[in-house]
Amino acid sequence: MNNDDLLTRILTCVELGKVNRNTPFPPDMKGMDGADELTRLALERGIKPSEILNDALIKAMDKVGQKFADKKIFVPQMLISARAMNASMVHLKPYFQTGEVKRKGKLIIGTVAGDLHDIGKNLVAMIVEGAGWEVIDLGVDVSAQKYIHTIQEHRDAVVGLSALLTTTMHNMRTIVADIKNSFPAVTLMIGGAPVTEQFRAEIGADGYASDPQGAVAYLNSLIHEV
Amino acid sequence: MVCSIPSSGLRISTDNILKSLGVPVDQADDYLMDKIQELILQSVGISSPSACWSVFPDPRFLNETGTMSLEGKIFHLNKMVTLALSKSTRVAFFVGTCGDAVELLSKQLMKDGHSLEGLIVDLIGSEIAEDVADFVHKKIEEDMGADGLKVTNRYSPGYCKWPVSDQQQLFHLLRDNTCGVQLTGSSLMLPIKSVSGIVGIGKDVKNQGYFCSICDADYCLYRDKK
Ligand code: B12
């Protein structure tokens with residue numbers, strides 16, 4: 001197997017959700033090496049971590065995202081792929097720390113103060129992470145203070161706010177204003193069932209998406225702008 | 001009144017979990033079905049579903065303002081809920097919960113990188129909370145039936161534009177009869193997998209099913225589903 005074949009196999013493992021040799025999924029790859037073993041092998045062979053990231057992992061997750069958009073696969077398969085990607089990322093981590101490989105960017109995400117609905121926010125977090133972003137999840141009932149504190153430590157991060165209650169949409173308005181007050185340049189993306197594009201414009205947030213794919217597309221559009 | 005709910009009182013179905021995951025039932029593979037079934041068993045096993053309720057006499061309804069006065073407090077039920085409850089001569093407030101073990105299991109799974117399993121367990125927790133509400137609603141109906149009284153639909157603060165902040169008064173009236181569920185300053189219940197609400201009681205009331213056309217919460221995913 002040459003290096004290109006190896007990268008293709010890693011891509012396939014992530015696309016189909018083959019985590020490691022022991023995981024039973026997908027059934028027709030039982031007993032075969034997964035993203036875990038193959039990434040280790042690739043690094044041993046001297047393939048550059050940035051090549052593994054860009055030519056296998058991110059390409060795989062792009063394919064997964066497209067299949068999801070075309071309704072060929074659903075949330076579970078997407079999460080299994082994200083897990084295979086993470087198994088591979090474990091090996092790349094040291095290179096992220098030295099700065100040799102870079103992720104696409106950072107997303108700080110949370111459910112805003114006054115709200116505890118987090119299923120949608122968690123989905124967005126997992127899928128954005130799978131798409132190559134670092135995600136800092138602040139959990140639920142997150143105050144403006146907590147967002148601001150976290151932004152202080154991660155000045156380059158995009159910030160995501162989720163709300164499911166109409167009453168917490170109001171909190172979203174004040175939290176967005178508070179964050180913009182402290183950090184006018186930070187990019188804020190909002191979402192949640194009652195949130196709309198119109199509401200985004202009204203409260204002065206920068207981006208809105210109705211689902212995880214939309215969130216990834218918006219985040220990726222920020223990179224292309226730079 | 002307090003009741004702990006036997007697991008036979010729960011009706012968590014694989015189909016509902018698939019629906020929440022966005023997977024068409026006819027496209028779910030065996031791997032996913034087995035996983036869901038296994039996680040339902042595990043989650044139901046560690047959950048401690050329970051519900052508490054108290055009955056209060058002499059509610060006064062003001063249809064024009066959409067309010068109810070009870071025990072010297074004003075509840076902002078909103079017109080639609082007031083109208084539906086207006087013939088009640090008593091009302092029951094209830095709080096039901098799935099307990100926090102399922103929530104903790106979900107968090108742990110996610111932390112360990114098993115995001116799909118964590119998500120499924122989280123969805124099961126929400127289903128249990130909804131089932132608890134169904135159970136307590138029926139229980140109140142049975143109890144009242146013994147006195148020749150009927151019950152209305154149940155309504156929850158936060159639904160149909162009834163502000164969640166009214167939770168403060170609801171919890172105040174329930175005093176310690178809340179099955180250990182705590183209310184935060186922002187009117188949310190902990191454990192998260194909890195539900196609260198009101199049921200109208202009287203000779204001339206009826207359970208009408210949900211009538212979405214009167215409610216103007218257009219964003220509600222429950223709209224016209226029941
Ligand atoms: C599941 C659920 C629960 C679960 C909570 C589970 C949890 N951990 O989140 C339980 C049963 C516990 C619950 C309880 C309550 N709930 Co509830 N709940 C729901 C329900 C049925 C589904 C929400 C959900 O998970 N949807 C699925 C996810 C995948 O969708 P989503 O959240 O919209 O997310 C997607 C997008 O919006 C987007 N997105 C989400 N966040 C973000 C963020 C960014 C940055 C971006 C870009 C995108 C994005 O991507 C996601 C994936 O596609 C909704 C019904 C509804 N209309 O939505 C009610 C609902 C949200 N609940 C409601 C209420 C009122 C409550 C209670 C307050 C009721 C009560 N008094 O008991 C309690 C509060 C509980 C507490 N602890 O205090 C109301 C809110 C109404 C309102 N006026 O705002 C709703 C709308 C129900 C209704 N019929 O009115 N609830």
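**Salt bridges, rings and the interface**

Author: In this predicted model, the side chains of D33(A) and R21(A) meet in a salt bridge, with 2.7 Å from N to O.

Reader: How many residues apart in sequence are the parts that D33(A) and R21(A) tie together?
Author: D33(A) is partly exposed at 23% relative accessibility, and R21(A) is likewise partly exposed, at 43%. Both residues lie in the loop between α1 and α2 of chain A, so the pair ties together parts of the chain whose separation in sequence is 12 residues.

Reader: In the salt bridge of R40(A) and D36(A), which residue counts as buried?
Author: The side chains of R40(A) and D36(A) meet at 3.8 Å, N to O, and the two residues are 4 apart in helix α2 of chain A, which is about one helical turn. Buried means under 20% relative accessible area. R40(A), at 40%, counts as partly exposed, whereas a value of 17% belongs to the buried residue, D36(A).

Reader: Which helix holds both E197(A) and R200(A)?
Author: E197(A) forms a salt bridge with R200(A), and the closest N and O atoms are 2.8 Å apart. E197(A) is partly exposed, with a relative accessible area of 40%, while R200(A) counts as buried at 16%. The two residues are 3 apart, about one turn of the helix, and the helix that holds both is α8 (residues 197–203) of chain A.

Reader: How many salt bridges does the structure hold over all chains?
Author: Besides the pairs already described, there is a network of salt bridges that links E15(A), K63(A) and K67(A). Between chain A and chain B, however, the count is 0. Over all chains, the number of salt bridges is 14.

Reader: What is the angle between the planes of F25(A) and Y31(B)?
Author: A search of the whole structure finds 3 aromatic pairs over all chains. F25(A) and Y31(B) form an aromatic pair with 4.5 Å centre to centre, and the pair is classed as tilted, with an angle between the planes of 35°.

Reader: Why does the pair of F25(A) and Y31(B) join two chains?
Author: F25(A) is buried, with a relative accessible area of 9%, whereas Y31(B) counts as partly exposed at 23%. F25(A) lies in the loop between α1 (3–16) and α2 (35–44) of chain A and Y31(B) lies in helix α2 (residues 30–46) of chain B, so the two chains joined are A and B.

Reader: How much area do chain A and chain B bury between them?
Author: In the interface, 23 residues of chain A are in contact with 24 residues of chain B. Carbon and sulfur atoms account for 74% of the buried area, and the area that the two chains bury between them is about 2,100 Å².

Reader: Which residues in chain A lose the most area to chain B?
Author: Chain A and chain B bury about 2,100 Å² between them. Of what the side of chain A buries, 27% comes together from the residues that lose the most area, namely F74(A), L116(A) and I119(A).

Reader: Which element gives the most to the side of chain A that touches chain B?
Author: Across the interface of chain A and chain B, the rule finds 0 residue pairs in polar contact, with both residues at pLDDT 80 or more. The elements that give two or more residues to the side of chain A touching chain B are α4 (75–98), α5 (119–130) and α7 (166–182) of chain A. With 5 residues, the element that gives the most is α4(A).

Reader: Is S187(B), with its positive phi, buried or exposed?
Author: S187(B) has a positive phi of about 70° although it is not a glycine, and S187(B) is found in the loop between β8 (182–183) and β9 of chain B. Its relative accessible area is 5%, and S187(B) is therefore buried.

Key
Residues numbered from 1 in each chain as written. Chains lettered and ligands numbered in written order. Heavy atoms only, no water. Phe/Tyr/Trp six-rings, centres within 6.5 Å; stacked < 30°, edge-to-face > 60°. Buried < 20%, exposed > 50% of the residue type's maximum accessible area, 1.4 Å probe, protein only. Contact = heavy atoms within 4.5 Å. Buried area = accessible area lost by both parts, 1.4 Å probe. Salt bridge = Lys/Arg side-chain N within 4 Å of Asp/Glu carboxyl O. Polar contact = N/O pair within 3.5 Å; in protein donor to acceptor, adjacent residues only side chain to side chain.
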